[in-house]
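Colleague: I am new to reading structures. Could you walk me through one?

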Amino acid sequence: MALPQRPAMTVDPTVDLGPISLSTPLVAASGTVGSVWEFAGLVDVSSYGALVAKSVSEEPWPGRPPPRLAPAGLGMLNRIGIQNPGIEAWQRETAPRLGRISAPVWGSAVGKEPAEFGRVAAGLEKAGVAAVEVNLSCPNLEDGRMFSLDPAATRDVIREVVVATSLPVGAKLTPNSEDIVAVAQAAIEAGASWLTLTNTVWGGGIDIETQEPLVSGMVGGYSGPPIKPIAIRCVLEVARALPGVPILGCGGIVSGKDVVEYLLAGASAVAIGTIHFAEPRAASRILAELIEWCESRGVSRVSELTGGALQKAGSYA
Ligand SMILES: Cc1cc2nc3c(=O)[nH]c(=O)nc-3n(C[C@H](O)[C@H](O)[C@H](O)COP(=O)(O)O)c2cc1C
């Protein structure tokens, strides 16, 4: 006798991140898929709702001397120094290729002072990107501190960018700030459409044989699975303090269950980064795992998951 078949369930993977509708909740994190067109030439990008190109500044930045990347514990340290060719060269190289990519591409702007971010954002829009993520994890020329450590500096940058482009603008914050809610609030008040939470965590490591730091400049950005609880803490804090603010969760995602965790914490979508280095096609596996998890729990729309843990977390205030 044939066993009764479980009716095939279709899970709707679409989500909204503020004003942006995404075909899936997965976004490729900036700096981990090049300028996207190279990556899209090798990997089917249909599992992504969007892909973020590596950060670009106004003038070319040479980046840091080697070593720039090192495995460290269960994660990775990087000190690339945001090497990039500058917005004009980036436009020349990338703009003609964007139309051939079957998923939306977002630009990522960096700068040394607020007005530079604005000029870069305008250049990214001219190149044809669909949205601009602002990488606030770079040093402010004024005091050498990362913009997103400081609510006022964050507000100044986002204001410049929002005026310079008509595209949706996201503020990508560092988890290293003392008060991420204050920084998040400043970014939203200045006009950001979403928050990316978060960039890498400061980390360091020593090669005990050579007795030298693992990355140049001693300290670098730590990424991969060990940072997930830190980034989720940021999502929880911001989602609870600023209900309804669109959040792109980012940090340490390697599986569909990790995505569920971020969504339950309050994210509307997630960005995946370091996993691309070990598994360039990870997005299709992670999306399949997410859909399977939803099917097994009777969740018909991925977007239903957003913030699911927050009501429960309310009792722990
Ligand atoms: C090699 C490398 C380069 C990165 N470059 C950028 C960058 O140019 N701009 C940016 O906003 N984030 C950059 N990031 C940070 C990632 O986008 C992401 O926020 C971070 O790695 C945490 O996610 P993950 O643990 O999934 O990698 C980079 C990360 C890595 C590992």
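Modeller: Gladly; we will look at a ligand site and then at a pair of helices. This is a predicted model, where local features need pLDDT of at least 70, side-chain atom pairs count only at pLDDT 80 or more, and totals for chains, interfaces and linings use all residues. Residues are numbered from 1 along each chain as its sequence is written, and side-chain values use heavy atoms, with hydrogens and water left out.

Colleague: How many residues surround the ligand?

Modeller: A residue is near a molecule if one of its heavy atoms lies within 4 Å of it. Here 21 residues surround the ligand, and Ser30, Ser55, Lys172, Gly252 and Thr274 are the closest.

Colleague: Which polar side-chain atom lies 2.7 Å from an oxygen atom of the ligand?

Modeller: A polar contact is a pair of N or O atoms within 3.5 Å. In this model, that side-chain atom belongs to Lys172. Gly224 places a backbone N or O atom 2.8 Å from a ligand oxygen atom. The protein buries 94% of the 600 Å² that the ligand exposes when taken alone (areas by the Shrake-Rupley method with a 1.4 Å probe).

Colleague: And the helices: at what angle do the axes of α6 and α7 cross?

Modeller: Helices are DSSP runs (H or I, at least four residues), numbered from the N terminus. Axes are lines fitted to C-alpha atoms over the stretch in contact, and angles run from 0 to 180 degrees between N-to-C directions. The axes of α6 (residues 228-241) and α7 (residues 256-265) cross at roughly 25 degrees and come within 8 Å. The two helices are therefore roughly parallel (angles under 35 degrees).

Methods: Parallel < 35°, antiparallel > 145°, perpendicular 65-115°, else oblique. Polar contact = N/O pair within 3.5 Å; in protein donor to acceptor, adjacent residues only side chain to side chain.
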